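Hi everyone, thanks for coming. Let's take a look at this one together.

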Protein chains: 4
Amino acid sequence: MKNKDLNYPLKTIRAGILGVSGYTGCEAFALLLKHPGVRLTYVAANNTQGPMADIYPEFLNRTTLVCQKLDIKKAVEKCDVVFLALPHTESMNVAPKLLKAGLKVIDLSADYRLKSGKVYETWYGRKHTDTKNLSKAIYGLPELFRQKIKGATFVANPGCYPTAAILGLAPLISTRKDIQSIVVDAKSGVSGAGRKASLGLLAAEVNDNFKAYKVLSHQHSPEIEQYLSQLAGKSTHIHFVAHLLPITRGILNTMYVQLKDGITLNQLHSLYKKFYKMEPFVRLHSFGGQPEIKNVANTNFCDIGLALSPDKKMVVVTSAIDNLVKGAAGQAVQNMNIMYGFNETEGLL
Amino acid sequence: MKNKDLNYPLKTIRAGILGVSGYTGCEAFALLLKHPGVRLTYVAANNTQGPMADIYPEFLNRTTLVCQKLDIKKAVEKCDVVFLALPHTESMNVAPKLLKAGLKVIDLSADYRLKSGKVYETWYGRKHTDTKNLSKAIYGLPELFRQKIKGATFVANPGCYPTAAILGLAPLISTRKDIQSIVVDAKSGVSGAGRKASLGLLAAEVNDNFKAYKVLSHQHSPEIEQYLSQLAGKSTHIHFVAHLLPITRGILNTMYVQLKDGITLNQLHSLYKKFYKMEPFVRLHSFGGQPEIKNVANTNFCDIGLALSPDKKMVVVTSAIDNLVKGAAGQAVQNMNIMYGFNETEGLL
Amino acid sequence: MKNKDLNYPLKTIRAGILGVSGYTGCEAFALLLKHPGVRLTYVAANNTQGPMADIYPEFLNRTTLVCQKLDIKKAVEKCDVVFLALPHTESMNVAPKLLKAGLKVIDLSADYRLKSGKVYETWYGRKHTDTKNLSKAIYGLPELFRQKIKGATFVANPGCYPTAAILGLAPLISTRKDIQSIVVDAKSGVSGAGRKASLGLLAAEVNDNFKAYKVLSHQHSPEIEQYLSQLAGKSTHIHFVAHLLPITRGILNTMYVQLKDGITLNQLHSLYKKFYKMEPFVRLHSFGGQPEIKNVANTNFCDIGLALSPDKKMVVVTSAIDNLVKGAAGQAVQNMNIMYGFNETEGLL
Amino acid sequence: MKNKDLNYPLKTIRAGILGVSGYTGCEAFALLLKHPGVRLTYVAANNTQGPMADIYPEFLNRTTLVCQKLDIKKAVEKCDVVFLALPHTESMNVAPKLLKAGLKVIDLSADYRLKSGKVYETWYGRKHTDTKNLSKAIYGLPELFRQKIKGATFVANPGCYPTAAILGLAPLISTRKDIQSIVVDAKSGVSGAGRKASLGLLAAEVNDNFKAYKVLSHQHSPEIEQYLSQLAGKSTHIHFVAHLLPITRGILNTMYVQLKDGITLNQLHSLYKKFYKMEPFVRLHSFGGQPEIKNVANTNFCDIGLALSPDKKMVVVTSAIDNLVKGAAGQAVQNMNIMYGFNETEGLL
């Protein structure tokens with residue numbers, strides 16, 4: 001189905017997906033199926049089994065792969081690299097075994113994103129049982145940590161909101177010493193909540209609706225703060241409010257950065273332009289342009305827009321991604337490309 | 001909250017709703033809350049309890065009523081009339097007790113719509129346990145059975161698809177002897193499936209999507225056929241296909257009636273105009289006009305459009321309703337108005 | 001069609017709508033049609049004429065009123081009160097003539113909301129040609145200016161974003177002296193943009209999409225700032241960003257108020273509870289509860305939620321309204337009720 | 001941006017798109033941008049000019065191509081093949097000039113689909129001015145006319161509804177002699193209406209809505225009938241009703257084929273299976289399976305489902321496509337692949 005006949009890389013890696021039945025796993029499946037350097041050799045899930053074309057009929061005639069009952073031995077046997085698209089608190093049971101067996105692992109759950117087991121426990125309600133690998137996991141945000149990802153065997157793929165937030169704030173946070181406060185007003189489509197039967201996610205509840213949720217108490221706050229603090233070189237706090245959009249895919253973050261000293265619009269644009277000059281997946285809108293979710297849907301792009309108050313002290317950064325692609329499976333593939341020396345955009349454009 | 005201070009009817013009836021936590025029950029609640037002749041005295045459900053304003057925050061500051069654990073004794077004690085918004089196969093356990101206690105009952109489930117217990121069992125998968133009342137229940141389609149409803153103590157409220165189908169076809173079916181075939185291509189919003197956590201009803205599955213389901217095998221077929229047969233005075237069959245629209249409310253049926261002898265467009269319009277002349281809730285579009293779901297949403301109207309093939313033998317009737325109002329709770333209130341001698345449109349315009 | 005037979009007020013006023021063909025005019029029409037104290041005697045528009053049931057088939061069988069070519073003389077002749085649902089910069093040509101003729105006028109455009117003709121010119125791009133009445137117009141936000149509205153003959157109905165913003169911020173702004181900054185992150189459905197054929201408002205552009213627009217440069221900013229300043233007793237600024245939601249109706253504003261001294265959650269809730277204790281259309285969510293657009297859609301309610309950061313210095317206020325009802329036509333009717341001594345909730349519950 | 005470095009075909013063709021600013025042109029642009037055998041050398045439109053990344057920001061950083069003012073000379077100079085994504089009645093002015101200059105042309109408008117200039121005039125309201133080429137144009141439905149397309153220099157790309165209808169009906173129509181009537185109940189997303197500012201296509205009109213339009217009078221009827229007649233070897237009529245879905249992309253047709261003699265479900269499935277055995281883009285659902293728009297969105301697939309009435313005489317065929325891909329630009333690229341000897345699925349999987 002994919003262009004295997006193209007005289008592509010001599011190297012073909014064997015990839016597996018655990019948790020393939022969820023939205024993130026499905027997206028990883030779709031991307032890897034088209035990736036010329038990858039052979040999907042094992043896909044599995046805990047509660048769903050059967051041909052992928054039955055679980056997701058969009059794959060009819062496109063694959064004969066069958067989703068298996070998750071079995072770590074088989075994953076080890078059949079794969080070079082494994083994508084974990086498992087629910088939070090499940091990845092930490094699986095990852096250590098795969099790593100021990102010598103596989104490379106890209107974890108799309110939240111289990112290895114926070115450096116501190118304690119902070120993890122506070123936000124995810126479960127004691128972290130694999131703190132050993134926690135300290136080894138590389139945070140898979142290529143725009144900031146590309147060099148580390150290159151040599152990594154274990155990557156913690158960033159959360160969807162954090163990807164949009166950190167990419168939008170990184171140029172400011174890593175250069176300005178006069179930031180006084182940061183508000184992240186975040187909006188996401190429903191696929192961000194995963195594929196689970198729940199009243200609140202029913203079409204009849206979500207259609208024509210919009211609401212804030214987990215106001216100032218979303219578990220992605222500490223993830224964002226951890227990496228902003230690292231970039232800033234000092235403890236950095238944000239005020240984060242998540243909202244649910246009546247659409248399937250996409251995140252748009254509107255971020256308000258209060259500066260003490262002020263900045264000109266030209267300086268602001270130059271800062272971002274320079275920061276992301278070489279990045280294939282970050283697109284900066286020119287003066288006045290604004291990102292829209294539809295322009296990044298089904299892509300691995302992060303689009304960024306900039307605005308400034310008349311007194312030059314309030315910067316408004318807007319950033320948009322597809323939560324399932326740049327916010328999850330696409331970024332995971334981007335990380336894999338870096339880890340294995342593929343062209344970084346391979347299978348993603 | 002409602003205009004009780006208006007010098008309205010001396011009579012005020014005490015109404016209850018069993019199964020108030022579902023979409024149909026909620027709609028009945030909203031309508032009865034505003035009805036000047038009704039006092040809501042008991043609302044209950046099997047699996048959900050608590051203040052209505054907690055279950056449905058749209059009722060915040062509008063009611064202090066609390067949804068109780070369903071208790072038939074209390075219903076009997078507190079109500080003159082009870083609306084059953086329970087799931088199919090549950091109403092038949094509850095209705096006989098309420099009727100025996102002398103209450104009037106309007107059942108919004110499918111339990112008493114089919115005249116034959118056997119047919120019921122075939123389509124709903126459960127033996128009918130109250131065939132006694134089955135034969136007594138009056139089918140609550142006021143446009144066809146108003147006189148019977150007037151004297152009724154027990155009304156089986158029609159299904160949503162059947163309401164739109166039967167109202168759209170009645171003028172033809174009850175006058176034309178040359179009908180050769182009937183196709184009912186029906187489309188409904190998701191609230192028709194009820195308020196239950198199910199993967200297929202998730203926003204991420206329903207958004208941007210459209211599909212047929214239960215093709216030629218939907219349980220509303222026998223209900224439609226039973227009443228069309230009664231109107232036609234002979235056994236009448238339809239080909240019925242249901243589809244799921246990516247919206248919350250509304251049904252539009254497109255119906256293809258093949259005639260042997262043909263009819264003129266003028267005759268067709270005259271037929272419908274005459275048939276529904278006195279009906280407050282049936283609106284006939286003039287030549288070329290077509291019903292749209294948005295024009296009937298949140299109303300008790302059934303809008304009808306008519307078209308004819310050049311050979312004058314294929315009539316296309318389109319009918320639109322709000323599945324939760326004219327297709328469920330609104331029609332139930334209309335029936336109550338008739339049963340109690342209120343103005344038939346009371347609380348519905 | 002409406003309950004004129006109820007022994008309602010002896011008084012019935014004659015109302016007209018100019019600009020009835022737009023979304024705001026249509027909503028005013030729907031509300032007034034059901035209002036027991038009003039007789040709609042004149043509806044008109046500049047570019048659309050014909051039976052209302054043709055322009056908006058939702059009114060089929062509900063009215064025989066015909067939308068006329070706008071003629072001020074006829075309006076004067078036929079009406080006691082006129083609702084202006086005209087585009088901005090058109091109301092100021094019409095209002096003075098109606099006022100001069102002795103009618104009461106409720107203007108739903110932006111023409112009389114800003115106290116300064118200069119500020120108006122800056123934001124709406126047209127010199128204000130009726131500064132005389134500008135100074136006389138009462139800002140129609142009943143929760144804040146009820147007494148003035150009572151005696152008013154000319155009301156400037158608030159904008160949609162300002163209604164949600166000012167109601168959400170009023171309790172804080174009018175009592176706290178330690179407010180350091182205010183961010184208003186506002187999201188609106190597409191009907192807020194009016195009923196005009198424009199590429200950016202096409203379903204194919206809006207569906208599945210979300211974007212910020214007029215970032216820090218929306219014409220509703222000065223309106224909000226003017227009334228917040230009045231409440232605060234000092235010049236008050238906000239950072240306002242508007243966003244377009246892929247839905248038809250509804251606004252949700254998420255507002256971030258930075259305090260210098262801090263407040264407890266109990267104090268915060270008490271403040272709002274007390275402030276809106278007697279208000280029929282403001283609903284305060286209890287601790288942790290959050291407003292949702294679907295709960296206010298098609299109603300005149302403004303729902304408010306509150307949250308507080310751990311350091312007690314960042315207050316997050318969320319407010320939700322239906323932009324066409326509480327944000328436009330519903331509030332206009334509420335103002336009319338106050339002006340004419342009707343029950344304030346008449347026709348709105 | 002695309003994998004030009006893959007050792008792909010020696011041959012690279014130069015392609016142009018006229019009318020690139022509409023939805024169909026934009027989709028063709030996106031597909032050709034990724035096609036390894038194509039170099040986009042000229043894109044133009046009548047009323048829109050500028051960088052493609054300004055017109056459609058989804059192409060930011062993906063192309064530097066600029067949409068030119070349409071100039072046929074330049075098209076001739078720069079292209080080997082030209083895709084016409086112009087409005088109906090405009091293609092017939094442009095195509096003859098391009099053909100005369102020796103280019104290959106794929107016309108996505110309706111101008112060359114109907115064999116008779118008279119029929120064209122009846123349905124499209126304009127006299128056909130290029131009947132010479134009308135008779136030479138090959139109807140670009142590869143599943144039926146692949147051999148002719150191979151040698152074609154001029155292809156009339158099928159309409160969206162006709163693609164779904166003809167593919168769904170072809171196996172029956174070309175083998176059964178006992179077909180008595182055919183109903184095509186068709187539903188399409190709004191992008192099918194093109195990118196034009198029109199009240200009826202506004203989000204606020206389309207959201208939460210559904211309606212039939214051009215009932216028994218849609219201009220795609222004669223196109224469908226022409227090719228069904230050709231397949232059947234006799235004049236064949238259909239009853240066609242179009243409906244507007246509140247989504248952007250996708251068509252689902254539900255088709256009712258009345259047979260005189262009847263067929264078994266096994267025979268029916270075998271017939272379709274055999275007919276489409278070698279087709280890369282037609283996917284047959286197994287017994288009971290039903291196509292869904294979301295499974296074909298953004299793909300070139302046509303998914304087909306089958307059902308049969310108990311008396312075995314009513315066949316219900318459902319077919320789903322993406323109207324902009326298999327129903328327009330994707331099929332155009334498929335035709336180009338065939339015309340130029342590329343792999344037929346190149347750039348489409």
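Let me start with one pair: A:Glu27 and A:Arg249 form a salt bridge, with their closest N and O atoms 2.4 Å apart. By salt bridge I mean a side-chain nitrogen of Lys or Arg within 4 Å of a carboxyl oxygen of Asp or Glu.

A word on the ground rules. This is a predicted model, where local features need pLDDT of at least 70 and side-chain atom pairs count only at pLDDT 80 or more, while totals for chains, interfaces and linings use all residues. Residues are numbered from 1 along each chain as its sequence is written, chains are lettered from A and ligands numbered from 1 in the order in which they are written, and side-chain values use heavy atoms, leaving out hydrogens and water.

The mean pLDDT (the predictor's confidence in each residue, from 0 to 100) of chain A is 96, and 97% of its residues reach 70 or more.

The contact, meaning heavy atoms within 4.5 Å, takes 24 residues from domain 1 of chain A and 29 from domain 2 of chain A.

How much area do domain 1 of chain A and domain 2 of chain A bury between them? About 2200 Å², 56% of it on carbon and sulfur atoms; that is accessible area (1.4 Å probe) lost on putting the two parts together, summed over both. A:Tyr23, A:Trp123 and A:Glu143 supply 26% of the area that domain 1 of chain A buries against domain 2 of chain A, more than any other three residues. Across this interface the rule finds three salt bridges.
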